[in-house]
Amino acid sequence: MTTEITRNPSHRHAPWESVDAEDISGLGINEAIKVAGLDFTVAKVPHVAEVSLPESNNPALRLPRKVEMPDSRLTVNETTGDILGIVGKGYHVIQTEQVVGLMDALVGDGWSPEWAGKRKGGAQTFMFGKLPYEMQNMPDVQPYMGFLNSFDGSTALRVASTAMVPSCTNALSTTFYGKNNNTKSVFSFKHTANIWNRIDAAREALHLQVEWAKEMDRQIGVLMNRPLSREGGNIILNKLVPLNGEVVNGEQIFRDDAGKVLSDRAITMRGNKREAILTNWRDSETILPSARMTGWGLVQAISEIEQHANQGDATAQGDKLMDRVAVGRVGNLTEKAWRELIPA
């Protein structure tokens with residue numbers, strides 16, 4: 001089976017353009033929250049369970065009785081009454097309006113929200129927009145920042161940055177290593193009552209996010225200025241998706257980097273992935289001609305495969321990519337390629 005990707009960028013979606021997301025470009029914050037369906041508050045209430053032992057010899061225990069769980073609470077949408085999750089007793093609700101206020105306090109007028117919505121029936125809310133930094137080396141790349149909040153304890157309040165390439169709808173998030181550890185693409189707050197005492201830490205984290213965008217810009221410039229032949233691309237690909245063949249007793253076998261013999265299925269999957277990357281690098285219309293035979297062109301070819309390959313349910317795939325953006329690691333193979341192509 002070959003790997004196919006969605007070739008038409010207009011049919012692709014950024015991670016935050018998922019189910020129940022709304023375009024809020026140009027709207028005021030209050031109107032944006034309403035349009036996106038985020039204008040609800042969440043309450044934390046006692047977690048009461050109904051317990052019965054129908055097979056007990058004690059008639060009293062066979063009757064249902066209500067028991068309050070001492071170490072957990074329920075979170076409830078105060079508009080609809082929907083139960084959003086079960087959380088610990090120390091969990092502190094951070095309302096969406098409060099998060100938007102935090103973002104406004106951190107960034108001010110420079111942040112331009114474009115998409116907002118909810119996931120998991122309102123148990124998670126998010127909003128993403130452009131970060132106030134203009135890319136210099138690749139104007140087609142736009143830095144975005146947004147938040148992902150939860151009311152079910154599934155994630156901390158996360159504020160994350162990622163670079164978007166509009167021509168192919170690729171999101172690029174990566175952690176820079178070595179000399180570039182003064183950058184940060186994600187920071188998070190636990191749902192505790194003292195969150196508002198951490199504004200100074202948040203401002204420092206925001207500074208690191210802007211530095212991350214600058215470093216992303218610089219490294220894109222390095223990739224753009226690195227010529228890469230087909231042979232050079234194959235060398236990089238051999239490190240990313242190794243398929244090491246040898247003849248043993250007259251039989252061709254393939255091993256992974258650890259020396260383990262690969263199954264026929266693993267060989268086929270790796271071969272298909274390698275071919276898909278090379279085909280995409282050669283033929284993708286979303287890679288600019290000036291960038292194709294460069295390190296940046298190969299990175300784009302790989303990121304398209306990781307983000308837009310047809311891998312089953314589109315909603316589940318979008319949710320997975322959204323979760324990756326929230327932790328600052330969009331694609332493992334893309335990040336490995338980045339680290340191979342950028343000098344330490």
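Analyst: In this predicted model, three strands form an open sheet in the order 2-3-4, and their pairing is antiparallel. Strand 2 and strand 4 (83–88) are the edge strands, each of them pairing on one side only. Averaged over the sheet and with direction ignored, neighbouring strands are turned by 45° against each other. Between strand 3 (residues 65–77) and strand 4 the antiparallel pairing runs over five bridges, and V76 has I83 of strand 4 as its bridge partner.

Turning to the aromatic side chains, the structure contains two aromatic pairs. One of them is formed by F40 and F151, whose ring centres are 6.1 Å apart and whose planes stand at 65°, which is over the 60 degrees required, so this pair counts as edge-to-face. F40 is located in the loop between helix 1 (29–35) and strand 2 (42–51), while F151 is located in the loop between strand 7 (142–150) and strand 8 (157–165), so the pair ties together parts that lie 111 residues apart in sequence. Both F40 and F151 are buried.

The other pair consists of W296 and W338, with ring centres 6.2 Å apart and planes at 85°, so it is edge-to-face. Because W296 belongs to helix 8 (residues 295–308) and W338 to helix 10 (residues 332–341), this pair ties together parts that are 42 residues apart in sequence. W296 has a relative accessible area of 2% and is therefore buried, the limit being under 20%, and W338, at 4% relative accessibility, counts as buried by that limit. A further arrangement involves a ring and a charged side chain: R230 lies over the face of W281, at 4.8 Å from the ring centre.

E114 is part of strand 5 (residues 112–119), and its relative accessible area of 15% is under 20%, so E114 is buried. The side chain of E114 makes a polar contact of 2.7 Å with the side chain of Y144.

Notes. Residues numbered from 1 in each chain as written. Predicted model: local features only at pLDDT ≥ 70, side-chain atom pairs only at ≥ 80, totals over all residues. Heavy atoms only, no water. Helix = DSSP H or I, 4+ residues; strand = E, 2+ residues; numbered from the N terminus. Buried < 20%, exposed > 50% of the residue type's maximum accessible area, 1.4 Å probe, protein only. Polar contact = N/O pair within 3.5 Å; in protein donor to acceptor, adjacent residues only side chain to side chain. Phe/Tyr/Trp six-rings, centres within 6.5 Å; stacked < 30°, edge-to-face > 60°. Lys NZ or Arg CZ within 6 Å of the ring centre and 35° of its normal. Pairing = 2+ DSSP bridges. Axes fitted to C-alpha atoms, helices over the stretch in contact; angles between N-to-C directions.
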